[in-house]
Amino acid sequence: MVPTDATIAATDVQVLLPDGTWSAPEINSLMYCNDPSAFTFTAADFQALALLPSAIVVGPPGGWLPVNMVNVVYTDAASQVVDTVVLGQAVRVRATPVAFSWEWDDGSSPLETTDPGAPHPDYTVSHTYGTSGEYAVSMVTQWSGEYSLDGGATYTAIDGTATTTSTAPPLTVTELRSRLVEDIVG
């Protein structure tokens, strides 16, 4: 049933063509539905949201690490809420990180985990570099989502996931060498 104060009008739709031009306008019918159960927030809608990438912490403070020393990494696994509008309908979306893929930038395989890691000494995610160099650790976060049409009182699961990518500042891995000296340095 359409409320008496609702205005409903057909719209023109154009499609961007591969050559960069627009197609001829076509009339698109518009439906009005006041039944929230008929609304679906799709995986494509979820993937189009501007989710904030997870912040990552890499290595010890200072931005450098000795070769063959454990590089501790972790991220914040907090959910985030994004308010948006779809076809005139206010929608609140809650995104929750469910999986993490750590890329070490040294040719090794990525580490896939559901664990966001933790700081030293209770760390659970780490990597050891065998050669000196500068490495930019990155992480892809996979998010599951839920949407709410009532401002967050109730949520419905979104069928599908979204991803974000985070990259840490470069980490310098250095080979440390000891030297024998005649006098005590101190």
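**View 1. Contacts of Thr128 in the predicted model.** Once its neighbours within four places in sequence are set aside, Thr128 is in contact with Asn68, Met69 and Val70. This is a predicted model. Thr128 belongs to strand β9, which covers residues 126-128. Thr128 counts as partly exposed because its relative accessibility is 37%. Between Thr128 and Leu65 there are 9.6 Å in space, C-alpha to C-alpha, and the two are 63 residues apart in sequence.

**View 2. The second largest pocket.** The volume of the second largest pocket is about 200 Å³. Its lining is made up of Val57, Gly59, Pro60, Pro61, Leu65, Met69, Val70, Val72, Tyr74, Pro119, His120 and Tyr123. Strand β5 (residues 70-75) gives the largest share of this lining, three residues. By type, the lining residues divide into ten nonpolar, two polar and no charged. Met69 and Val70, which are among the lining residues, are also in contact with Thr128.

**View 3. Two nonpolar cores.** The largest nonpolar core holds 16 residues, and Val58, Trp102, Trp104 and Tyr129 have the most contacts inside it. Two or more residues of this core come from each of the elements β3 (56-58), β7 (89-103) and β13 (171-174). In soluble globular proteins, nonpolar side chains tend to be buried together.

**View 4. Surroundings of Trp102.** Not counting residues up to four places away in sequence, Trp102 touches Ile56, Val73, Tyr74, Thr75, Pro110, Leu111, Thr113, Pro116, Val125, Val137, Ser138 and Met139. One of these, Tyr74, also lines the second largest pocket.

View 5. Asp83 is paired with Arg92, and the closest N and O atoms are 2.7 Å apart. Arg92 has a relative accessible area of 27%, so Arg92 is partly exposed. Arg94 is paired with Glu146, with 2.8 Å between the closest N and O atoms. This pair links distant parts of the chain: Arg94 lies in strand β7 and Glu146 in strand β11 (residues 138-148), 52 residues apart. Arg94 is partly exposed because its relative accessible area is 27%, and Glu146 is partly exposed because its value is 26%.

**View 6. The salt bridge of Arg177 and Glu175.** The side chains of Arg177 and Glu175 form a salt bridge, at 3.4 Å from N to O. Arg177 counts as exposed because its relative accessibility is 70%. Glu175 has a relative accessibility of 45% and therefore counts as partly exposed.

Note on methods: Residues numbered from 1 in each chain as written. Predicted model: local features only at pLDDT ≥ 70, side-chain atom pairs only at ≥ 80, totals over all residues. Heavy atoms only, no water. Helix = DSSP H or I, 4+ residues; strand = E, 2+ residues; numbered from the N terminus. Buried < 20%, exposed > 50% of the residue type's maximum accessible area, 1.4 Å probe, protein only. Contact = heavy atoms within 4.5 Å. 1 Å grid on protein atoms, 1.4 Å probe; cavity = no way out; pocket = protein on both sides within 12 Å on 5 of 7 lines; lining within 4 Å. Points joined across faces, edges and corners; volume = space filled by probe spheres on them. Nonpolar A, V, L, I, M, F, W, Y, C, P; charged D, E, K, R; others polar. Core = buried A, V, L, I, M, F, W, Y, C linked by side-chain atoms within 4.5 Å. Salt bridge = Lys/Arg side-chain N within 4 Å of Asp/Glu carboxyl O.
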